[in-house]
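Subject: Structure for your review

Dear colleague,

My notes on what was found in it follow directly after.

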Amino acid sequence: MPANRFIESLSSADAAALQPHLRRRILARDDVIAREGAPIDHVYLPLNAILSVVAVMGDGRQVETRTIGFEGGHGLLHALGSPLSFERVITQVGGEVYALPLSALAEAAATRPSLVSNIVSFAQASLIQSAQTTACNALHDAEQRLCRWLLMTRDRLGAEVLPLTQEHLSIMVGVQRTTVTAIAGALQARGVVAYSRGKIRITDTAAICAIACECYASIDRGVDLMVGAHEAVPG
């Protein structure tokens, strides 16, 4: 199981301040951990779960703005400002997370500048992904976006078999479910993926990397640039 990258980035002193408040929780697929306009009370730091942050339109349509895996967390920046969520956050892939009371993180950050620096860097990394995803949704075709998204999910799970339904994929990619069905079928026919019963298995990594748009690598580089300097910080 991967550790959470935010927790690993903390100095020993900052980690010790948060450790008593960390609780492991298991989230099931489709669990809603934040709703738009409602305050959040916990920060969620995924271990092997994946969270999906979605914007919800007035007519009920949804589109993903970013995903969060073990490389970050949801609610970090809320500890430094308003606790209100302006997005809906659902569990895309069920698994374990660290749950940390928002009040505990805010209290620790009030006296620990190094912790604030870490929070801001990880928030910047999340914004990089959100900005790149916005550009991706506008400029790249659905097949490219789907392949980019599958690769990111693979990296977070460390597995080639991904527990994903076509309903989830349609929200993530921002297209109709019939479009996802057609794209997945075409990729399967070309031997790139195999799809059955809510699971997608990547069968040709080189091919899916070739199809995916540049955003896959751009997001990866951006996250490393923002958070890499904070990792392995001495106590």
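A salt bridge is a side-chain nitrogen of Lys or Arg within 4 Å of a carboxyl oxygen of Asp or Glu. Please keep in mind that this is a predicted model.

**Salt bridges**

By that definition, the structure holds seven salt bridges. One of them joins R156 and E71, whose closest N and O atoms are 3.0 Å apart. This pair links distant parts of the chain, since R156 belongs to helix α5 (residues 142-157) and E71 to the loop between β5 and β6, 85 residues apart. Both R156 and E71 are buried.

A further salt bridge is formed by R66 and E87, with 2.8 Å between the closest N and O atoms. R66 lies in strand β5 (residues 62-68), whereas E87 lies in the loop between β5 and β6 (88-93), so the pair ties together parts that are 21 residues apart in sequence. R66 has a relative accessibility of 10% and therefore counts as buried. E87 is likewise buried, its relative accessible area being 10%.

The side chains of D155 and R154 also meet in a salt bridge, at 3.0 Å from N to O. R154, at 13% relative accessibility, counts as buried.

**Cysteines**

How many disulfides are there? The count comes to zero. A disulfide is a covalent bond between the sulfur atoms of two cysteines, and the rule applied here asks for a pair of cysteine sulfur atoms within 2.5 Å. The sulfur of C215 has its closest cysteine sulfur in C136, 3.8 Å away, which is too far for a bond. For C209, the closest cysteine sulfur is in C147, at 9.2 Å, and this too is too far for a bond. C215 counts as buried, at 2% relative accessibility, while C209 is partly exposed, with a relative accessible area of 36%.

**The nonpolar core**

The largest nonpolar core has 63 residues, and those with the most contacts inside it are F6, L105, L115 and L150. Helix α5 supplies the largest share of this core, namely seven residues. Leaving aside residues up to four places away in sequence, F6 touches L45, L76, L115, N118, I119 and F122.

**Strand β7 and its partners**

Why is strand β7 (residues 95-101) described as largely enclosed by the rest of the structure? The reason is that six of its seven residues are buried. Strand β1 (residues 23-27) runs antiparallel to β7 and is joined to β7 by five bridges. In this pairing, R23 stands opposite A99 of β7. Strand β3 (residues 42-46) is also antiparallel to β7, again with five bridges. Here H42 stands opposite P101 of β7.

**Helix α6**

Helix α6 (residues 166-173) is largely enclosed by the rest of the structure, because seven of its eight residues are buried. The buried residues are Q166, H168, L169, S170, I171, M172 and V173. After α6 comes G174, whose phi is positive, near 80°.

Yours sincerely,

A colleague

Methods
Residues numbered from 1 in each chain as written. Predicted model: local features only at pLDDT ≥ 70, side-chain atom pairs only at ≥ 80, totals over all residues. Heavy atoms only, no water. Buried < 20%, exposed > 50% of the residue type's maximum accessible area, 1.4 Å probe, protein only. Helix = DSSP H or I, 4+ residues; strand = E, 2+ residues; numbered from the N terminus. Core = buried A, V, L, I, M, F, W, Y, C linked by side-chain atoms within 4.5 Å. Contact = heavy atoms within 4.5 Å. Pairing = 2+ DSSP bridges.
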